[in-house]
Amino acid sequence: MGAIIIGLYAAALMLFGAPPQTVVVLPSADGHVGTVVVERNGEETVLHSAYATSRIDAEGGEHRETSSAAEVKKEFGVALGALPARPVSFNLYFVSGTDELTPASKLELNKAMAELKRRSVPDIVLIGHTDTVGSLESNDRLSLSRAERVRKALMQQGLKAQRIETAGRGEREPLVRTADGVSEPRNRRVEVNVR
Amino acid sequence: MSRSSVLATRWLATLILTIFASVALAAGDAGQVKTVKGAASVLRNGNELPATAGMMILESDTLVTGVDGSLGVTMADNCLLSLGPNSRLAIDQYSFDSTTHAGKFDASLAKGSLAVVSGKMVKQSPDAMRVHTPATVMAVRGTDFVVKVD
């Protein structure tokens, strides 16, 4: 619906001129810089360096620039200040063949709790992961059942089901890359994603 | 569960119960409002709902902020979005598979300012997320960026 309205708006603007716009690619928290491809009337502008900027003026002219951090703060400070806190993950491991968390994982759980406390509107996604032993499909089921098992344990303590989401990533997101069919304890984990 | 992990989870649950003010994402929810300042609302099925922290965002919602408003949303795939003042963003399409990370996200910024930290779906497929403006369509390939329509 929104796209249709924007589409009609865009069609009208082709007659009367689109409003000016500014796009700036930013380095992420870890320093990584990705890419934004800006497409206008079939022509593409690729922005893929830190603070690479495309400005379109009121006459429709496009200007490629490099903004400064200060300019971005001035123009976008309020929006950037409203960004939610980055999600953070903690990995839980179980003593082999049991449902018991390893001692290190109990500490991780403490860290997850501390992170929860820091957030004003937190939610959790429990994401199960497996190693590469077994088929993709069976690992999808296994990873979800690991996540569900952790959730169930929390629910038994009175936590309502909808307060924690679960997901099973199967063998798609190993911490340690291995060949297929390799038993790797570091990959058999439940990730607590605090958001 | 062993006694020690039961104790650990009991403690976890108690802490969560004291901390949680809202519900987590359920299936079908596209995102959750995490930050709100000033005038901010959600247009849904012809109704204008005041935006509140913890509120769920659905596909087809439109997020609107007033002169003193801002709004921040965490999407199901961990994509982060925020609007500055006098802004209007429609969530045209949103789907995300938490197992495969396949998904599709189309949003339209009619006016105002938008900050984006891309999420899991664009890591899986680089063309999964697009932001439309009156003049352009932007493909978002694993990055942080800001866009403003005057």
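This report walks through parts of chains A and B in a predicted model.

## Ground rules

Local features need pLDDT of at least 70 and side-chain atom pairs count only at pLDDT 80 or more, while totals for chains, interfaces and linings use all residues of this predicted model. Residues are numbered from 1 along each chain as its sequence is written, and chains are lettered from A and ligands numbered from 1 in the order in which they are written.

Chain A splits into domain 1 (17-81) and domain 2 (88-194), with bounds that come from an automatic or database domain assignment. Taken over C-alpha atoms, the centres of the two domains are 38 Å apart.

Helix 2 of chain A covers residues 69-81. Helices here are DSSP runs of H or I with at least four residues, strands are runs of E with at least two, and both are numbered from the N terminus. This helix has 13 residues, yet its end C-alpha atoms are only 14 Å apart, short of the 18 Å a straight helix would reach at 1.5 Å a residue (the expected span is 1.5 Å times one less than the number of residues). It also has a kink of about 70 degrees centred on A:Glu75, the bend being the angle between axes fitted to the seven residues ending there and the seven starting there.

Which residues of helix 2 of chain A are buried? They are A:Phe76, A:Val78, A:Ala79 and A:Leu80. Buried means 20 or more other C-beta atoms within 10 Å of the residue's own, exposed means 12 or fewer, and partly exposed is in between, with C-beta atoms placed from the backbone. Those buried residues pack against strands 6 (70-75), 7 (80-83), 9 (103-117) and 12 (144-149) of chain B; a contact needs C-beta atoms, placed from the backbone, within 7 Å.

## The sheet in chain A

Four strands of chain A make an open sheet in the order 6-9-7-8, with mixed pairing (two strands pair if DSSP finds at least two bridges between them). Strand 6 (88-92) and strand 8 (164-168) of chain A sit at the edges with a single partner strand each, so one side of each has no neighbour in the sheet. From one strand to the next, the twist averages 25 degrees.

Strand 6 of chain A runs antiparallel to strand 9 (residues 189-194) of chain A, joined by 5 bridges, and A:Ser89 stands opposite A:Asn193. Helix 3 (residues 103-118) of chain A lies across both strands, at about 155 degrees to strand 6 of chain A; axes are lines fitted to C-alpha atoms, for helices over the stretch in contact, and angles run from 0 to 180 degrees between N-to-C directions.

## Chain B: strands and a hairpin

Chain B has 2 helices and 12 strands. Of its 150 residues, 56% are buried. Among its contacts with a separation of 6 or more, 50% link residues 24 or more positions apart.

Strand 2 (residues 40-44) and strand 3 (residues 47-50) of chain B run antiparallel and share 4 bridges, with B:Val42 partnered to B:Leu49. Their hairpin has 2 residues between the strands, and B:Asn45 takes a positive phi near 50 degrees there.

## Loops worth a look

B:Val67 is in the loop between strand 5 (62-65) and strand 6 of chain B. It counts as exposed because it has 8 C-beta neighbours inside 10 Å. Leaving out residues up to four places away in sequence, B:Val67 touches B:Pro85 and B:Asn86. The C-alpha atoms of B:Val67 and B:Pro85 are separated by 5.1 Å, with the two residues 18 apart along the chain.

B:Asn78, in the loop between strands 6 and 7 of chain B, has a positive phi near 75 degrees without being a glycine. It counts as buried, with 21 C-beta neighbours inside 10 Å.

Methods
Two residues are in contact if their C-beta atoms, placed from the backbone, lie within 7 Å.
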